[in-house]
Amino acid sequence: MRYIVSGGILTVLYSVVYWMLAAPLRTPPLVANMIGFLCALICGWALHSRWTFRGQGDRAKRHVAYGRFVAVNLAGFGLNSFWVWMIVGRLGGDVALPILPIAIVTPAFMFLANRFWTFG
């Protein structure tokens, strides 16, 4: 339940930053994706490590968890970049369309990876 709340907050943060940059400001979509993802990454570590997955894993190995968190987020960034590239770049869709798989598929992958590998 905590992941749904925190993941929702982070997805909204990413989506707002991405859309504001890509649509009204006309930033290239993949650049907007990167900036939005970096904003969510920074807030995500604080939120997930202190609340979402609090009590999970060995606190003495926090540096290991941080490295895994970065790895999982790089994979998530790759997924988001794929959605933006495919939907906007290849298929010519609107810049808002990638938000749908970014809000559904990427968070599901990241929850499983963070729950069982990063903080497990």
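Helix α1 passes helix α4 in a right-handed crossing, where right-handed means that the near helix is turned clockwise from the far one by less than a right angle, and left-handed anticlockwise. This is a predicted model, in which local features need pLDDT of at least 70 and side-chain atom pairs count only at pLDDT 80 or more, while totals for chains, interfaces and linings use all residues. Residues are numbered from 1 along each chain as its sequence is written, and side-chain values use heavy atoms, with hydrogens and water left out.

The axes of α1 and α4 come within 10 Å and cross at roughly 140° (lines fitted to C-alpha atoms over the stretch in contact, with angles from 0 to 180 degrees between N-to-C directions). That angle makes α1 oblique to α4 (under 35 degrees is roughly parallel, over 145 roughly antiparallel, 65 to 115 roughly perpendicular, and the rest oblique). Helices here are DSSP runs of H or I with at least four residues, numbered from the N terminus.

Helix α4, residues 99-118, also meets helix α3, residues 62-90, with axes that come within 10 Å and cross at roughly 160°. The two helices α3 and α4 are therefore roughly antiparallel to each other, and their crossing is right-handed. On α3 sits F69, which counts as buried because its relative accessibility is 2% (buried is under 20%, exposed over 50%, and partly exposed in between, with a 1.4 Å probe and protein chains only). F69 and N114 are 45 residues apart in sequence, yet 6.8 Å apart in space from C-alpha to C-alpha.

Returning to α1, which spans residues 2-22, V16 lies in this helix and counts as partly exposed because its relative accessibility is 47%.

In the loop between α1 and α2 (29-52) lies R26, whose 71% relative accessibility is why R26 counts as exposed. The phi of R26 is near 60°, a positive value in a residue other than glycine. Most residues other than glycine have a negative phi. Further along, M34 is placed in helix α2 and counts as partly exposed because its relative accessibility is 38%. M34 and G78 are 44 residues apart in sequence and 9.7 Å apart in space, C-alpha to C-alpha.
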